[in-house]
Each structure stands twice: as C-alpha cells, then as structure tokens.
Amino acid sequence: MRKTGILNIAICEAIASLGHTEYLVIADAGLPVPKDVQVIDISLVTGIPGFREVLDAVAGEFVIDSYIYANEMDGINPELAAYVHEKLDGIPKKSVSHEELKKMLKDVRYVIRTGECTSYANVMLEGGVSF
C-alpha cells in the first residue's frame, strides 16, 4: 500500500500508463462518455467525491502539459472556473464549447467520473513528461 498520494488502484494505473499528449478527463457525474473510453467511476453520492478534491489529487501526481475546458464554465460556474485556473496556473489552457468538448472525448484514454453535480465541471488534462 502507498503511504501518500492517490490510493485508488485504477487511477494510479491510469496515470502511470498515460503517455505524452494523451488525455485524462476529470468529469462531473453527468458527462456523457463514449462507449470505447475507459471510465473510472468514483462517484458515491451527489457531491462525493467532489471535482476539486479529485483535481487536487490528480494534479499532485500527473504531469500536465495543457488543459482544455468548456468556455461555459467561466460564465455559468465561475467559482469552479477560477479554482481550475488557479490550480493549473502556468499551464497552457484552451477553452472550447461544451459541445466540442464532448466530441473530443472520443480521443481520451480515461475519464474519472466524480460525484460532482455542478454545471460544466469537466477538464481534459494532457499528459506531459517530467524531463
């Protein structure tokens, strides 16, 4: 057993297996995920675990080159948007429409589904390298 960091085996395996430029998504409970994309569903009940806690844990262990989020988050869920931008400060970002983000899901390796039930609580993290 690990002493610190993420304990969830599936998330640890996902982070370890992702290569440079591959995507991992942290998603709210309602994001529709294509059938061929592996979902790591850690949702328990509404709000648990929350998006913020999962982003904190993943960002602490995953090398992130860039991130993509739905531009609707800035206007409809500004507190969460501010949190994401602050947490990922200094990392290049791109905003797209929520519809475009959903289309992009076909190209991701993993989606971590949280218990988050606030609007547009989704972020695509592009894997980087630590050297």
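Is Tyr69 buried or exposed? Tyr69 is buried, at a relative accessible area of 5%, where buried means under 20%, exposed over 50% and partly exposed in between (1.4 Å probe, protein chains only).

The model is predicted, so local features need pLDDT of at least 70 and side-chain atom pairs pLDDT 80 or more, while totals for chains, interfaces and linings use all residues. Residues are numbered from 1 along each chain as its sequence is written, and side-chain values use heavy atoms, without hydrogens and water.

**View A. The aromatic pair of Tyr67 and Tyr69.** The structure holds 1 aromatic pair. The ring centres of Tyr67 and Tyr69 are 6.1 Å apart and the planes stand at 35 degrees, so the pair is tilted (centres within 6.5 Å for rings of Phe, Tyr and the six-membered ring of Trp; under 30 degrees stacked, over 60 edge-to-face, the rest tilted). Tyr67 is buried at 1% relative accessibility.

**View B. Strand β6 (residues 123–127).** Of the 5 residues of β6, 5 are buried, so the strand is largely enclosed by the rest of the structure. Val123, Leu125 and Gly127 lie on one side, Met124 and Glu126 on the other. Strands are DSSP runs (E, at least two residues), numbered from the N terminus; two strands pair if DSSP finds at least two bridges between them. β6 pairs in the antiparallel sense with β1 (residues 23–27) over 4 bridges and with β3 (residues 64–70) over 5 bridges. Met124 is the bridge partner of Val25, and Leu125 stands opposite Tyr67.

**View C. Arg52 over the face of Tyr83.** Arg52 lies at 5.3 Å from the ring centre of Tyr83 (cut-offs: NZ of Lys or CZ of Arg within 6 Å of the ring centre and within 35 degrees of the ring normal).
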